[in-house]
Amino acid sequence: MTAATLILALVTLQRLGELVLSRYNTVRLLARGAVEIAPEHYPLLVATHAAWLIALWIWGRNQDVNVVAFAIFILLQGLRFWVLATLGPRWTTRIIVLPDAPLVTSGPYRYLSHPNYAIVAAEIAVLPLALHLPLLAAVFTVMNALVLAIRIRAETRALKSARPAEPIGIGTDRSK
């Protein structure tokens, strides 16, 4: 097994685990009265990320690993877990709003409105670069940017309709 294959296997397992966690959190939030906003773009988001992973498996599994780019990717994973930990049971891959709950203002949300999207955009570029696939990095960066333009617009509208931010660390979904 190559290092690239091991990396791709771990990233694939991570993403599958996140989908399970997201589904679990979504079910619990909906049971508490939360509502999903703009679900129509979600299949496009999932398709983009699935295509990215599939392309990495097709063209990257036997590549050498660029250690510097991979180190950046590992750093991004730490930031990703910071977002997940900050949102806790409120993290999902869908746009879920829990009425009357304050917005998250702690963790990375002190610095960015949508830190998870910045992290994901960087991951989509950096992992292909770690596998010496610059064209793949460019193509999926553009595809992801198009999807995020839809996603961020929908999420921003959803968050404006939510309760104003309070200084405690519980809030609406601000995930992928």
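**Helix packing, nonpolar core and loop residues**

Helix 2 and helix 5 pack with their axes 10 Å apart, at an angle of about 170 degrees. That angle makes helix 2 roughly antiparallel to helix 5, since angles over 145 degrees count as such. The model is a predicted one.

**Helix 2 with helix 5**

- On the helix 2 side, the residues that meet helix 5 are Tyr42, Leu44, Leu45, Thr48, His49, Ala51, Trp52, Ala55, Leu56 and Trp59.
- Helix 5 contributes Leu136, Phe140, Met143, Asn144, Val147, Ile150 and Arg151 to this contact.
- By class, the contact of helix 2 with helix 5 comprises 13 nonpolar, three polar and one charged residues.

**Helix 1 with helix 2**

- Helix 1 (residues 3–31) packs against helix 2 (residues 42–60) at an angle of about 165 degrees, and their axes are 10 Å apart.
- Helix 1 and helix 2 are therefore roughly antiparallel to each other, and their crossing is left-handed.
- From helix 1, the contact draws on Ala4, Thr5, Leu8, Ala9, Val11, Thr12, Arg15 and Leu19.
- From helix 2, the contact draws on Tyr42, Trp52, Leu53, Leu56, Trp57 and Gly60.
- The residues of the contact of helix 1 with helix 2 divide into ten nonpolar, three polar and one charged.

**Nonpolar core**

- The largest nonpolar core has 27 residues, of which Val11, Trp52, Leu56 and Leu127 touch the most other members.
- At least two residues of this core come from each of helix 1, helix 2, helix 3 (67–87), helix 4 (115–130) and helix 5 (134–161).
- Valine 11 is in contact with Trp52, Leu53, Phe73 and Leu127, leaving aside its neighbours within four places in sequence.

**Loop between strand 1 and helix 2**

- Histidine 41 lies in the loop between strand 1 (35–36) and helix 2.
- Histidine 41 counts as buried because its relative accessibility is 6%, below the 20% cut-off.
- Apart from neighbours within four places in sequence, histidine 41 is in contact with Ile95, Ile150 and Arg151.
- Alanine 38 is also found in the loop between strand 1 and helix 2, and its relative accessible area of 13% makes it buried.

**Positive phi values**

- Most residues other than glycine have a negative phi.
- Alanine 38, which is not a glycine, has a positive phi near 50 degrees.
- Aspartate 100, likewise not a glycine, has a positive phi of about 65 degrees.
- Aspartate 100 lies in the loop between strand 2 (96–97) and helix 4, and is exposed, with a relative accessible area of 60%.

Terms used
Residues numbered from 1 in each chain as written. Predicted model: local features only at pLDDT ≥ 70, side-chain atom pairs only at ≥ 80, totals over all residues. Heavy atoms only, no water. Axes fitted to C-alpha atoms, helices over the stretch in contact; angles between N-to-C directions. Helix = DSSP H or I, 4+ residues; strand = E, 2+ residues; numbered from the N terminus. Parallel < 35°, antiparallel > 145°, perpendicular 65-115°, else oblique. Left-handed = near helix turned anticlockwise from the far one by under 90°. Contact = heavy atoms within 4.5 Å. Nonpolar A, V, L, I, M, F, W, Y, C, P; charged D, E, K, R; others polar. Core = buried A, V, L, I, M, F, W, Y, C linked by side-chain atoms within 4.5 Å. Buried < 20%, exposed > 50% of the residue type's maximum accessible area, 1.4 Å probe, protein only.
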